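This briefing goes through a single protein chain, from its overall build to a handful of residues. Please keep the sequence and the model open while reading.

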Amino acid sequence: MSNVRDERTCGSDALHRNYEFRNIRREEAEEAAEIERICFPPNEACPREMMVRRVEAAPETFLVAVDRVTGRLAGFLNGLATDEAVFRDEFFTDECLHDPAGKNVMLLGLDVLPEYRRQGLARELVSEYGRRERDRGRRQLILTCLDAKVEMYRTFGFKDNGIANSVWGGEQWHEMVYVIANP
């Protein structure tokens, strides 16, 4: 059991040596939109204009991983804070729903460029995001995902609440919740 813990610690340490984890900068909104375009099909991806508005409205709820060698964004996780506890599609399209004092975060996208995958970067983004938001007093991270990603998110600590009300992109989604702090 201690070997598993040691491997995670070493993996996390290596990721932090290779990547800087921080809030997005306003000038990185276009780069984030391009990463979203690469990572998601057109019917699911956040359009460029919307990504720019999200970054402007809530940069503190974007966590980016920056390749320390190239300075390039390797991936990011973003959301909007709210007191709501059930995901609805309007979070994808209305950045005004962001409440900086909200107790929950509706996660809108986990994006890792293909050349940076299979290193544990997505897991570390979720883990780092959870720690950061817990320190801000948040209680839950809530997201929607397709059937194919349910198991991945379970391994990250999310619980599957079943089929979501979301019909974003014409798809059927699962709503998943990650409790980061007790009420």
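From the N terminus on, the elements of the protein chain follow the order α-β-α-α-β-β-α-β-α-β-α-β-β. The radius of gyration of the protein chain is 16 Å, close to the 16 Å that the globule rule gives for 183 residues, so the chain is as compact as a globular protein of that length. That radius is taken over C-alpha atoms, and the globule rule is 2.2 Å times the number of residues to the power 0.38. The model is predicted: local features need pLDDT of at least 70, side-chain atom pairs count only at pLDDT 80 or more, and totals for chains, interfaces and linings use all residues. Residues are numbered from 1 along each chain as its sequence is written, and side-chain values use heavy atoms, with hydrogens and water left out.

**Overall build**

- The protein chain has 6 helices and 7 strands; these are DSSP runs numbered from the N terminus, with helices (H or I) of at least four residues and strands (E) of at least two.
- The C-alpha trace spans about 40 × 35 × 30 Å along its principal axes.
- Of the contacts in the protein chain with a separation of 6 or more, 66% are between residues 24 or more positions apart; contact means heavy atoms within 4.5 Å.

**Surface and charge**

- The protein chain has an accessible surface of about 9400 Å², and carbon and sulfur atoms hold 49% of it; areas come from the Shrake-Rupley method with a 1.4 Å probe, and for residues only the protein chains shown count as cover.
- Among the 183 residues of the protein chain, 48% count as buried; buried means under 20% relative accessible area, exposed over 50%, and partly exposed in between (1.4 Å probe, protein chains only).
- The protein chain carries 26 positive and 33 negative charges, whose mean positions are 4 Å apart.
- In that count Lys and Arg are positive and Asp and Glu negative, while His and the chain ends are not counted; each charge is placed at NZ of Lys, CZ of Arg, CG of Asp or CD of Glu.

**Nonpolar cores**

- In soluble globular proteins, nonpolar side chains tend to be buried together.
- The largest nonpolar core holds 43 residues, and Leu121 and Phe158 have the most contacts inside it; such a core is a set of buried Ala, Val, Leu, Ile, Met, Phe, Trp, Tyr and Cys residues joined through side-chain atoms within 4.5 Å.
- Beyond its neighbours within four places in sequence, Phe158 is in contact with Leu107, Val126, Leu141, Leu143, Tyr153, Met176, Val177 and Tyr178.

- Phe62 sits in strand β2 and is buried, with a relative accessible area of 1%.
- Not counting residues up to four places away in sequence, Phe62 touches Arg22, Asn23, Ile24, Met51, Arg54, Val55, Phe76, Leu77, Asn78 and Arg132.
- Phe62 and Ala32 are 30 residues apart along the chain, and their C-alpha atoms are separated by 10.0 Å.
- Pro59 belongs to the loop between α3 (48-57) and β2 (62-67), and counts as buried because its relative accessibility is 16%.
- With neighbours within four places in sequence left aside, Pro59 is in contact with Asn23, Ile24, Arg26 and Arg54.

**Gly109**

- Gly109 is part of strand β4 (residues 104-112) and counts as buried at 6% relative accessibility.
- Phe76, Leu77 and Asn78 are in contact with Gly109, leaving aside its neighbours within four places in sequence.
- Gly109 and Gly79 are 30 residues apart in sequence and 7.1 Å apart in space, C-alpha to C-alpha.

**Two arginines in loops**

- Arg25 lies in the loop between β1 (19-23) and α2 (29-39) and is partly exposed, with a relative accessible area of 40%.
- Leaving aside neighbours within four places in sequence, Arg25 is in contact with Glu20 and Val55.
- Arg118 is found in the loop between β4 and α5 (121-135) and counts as exposed because its relative accessibility is 88%.
- Although Arg118 is not a glycine, its phi is positive, at about 70°.
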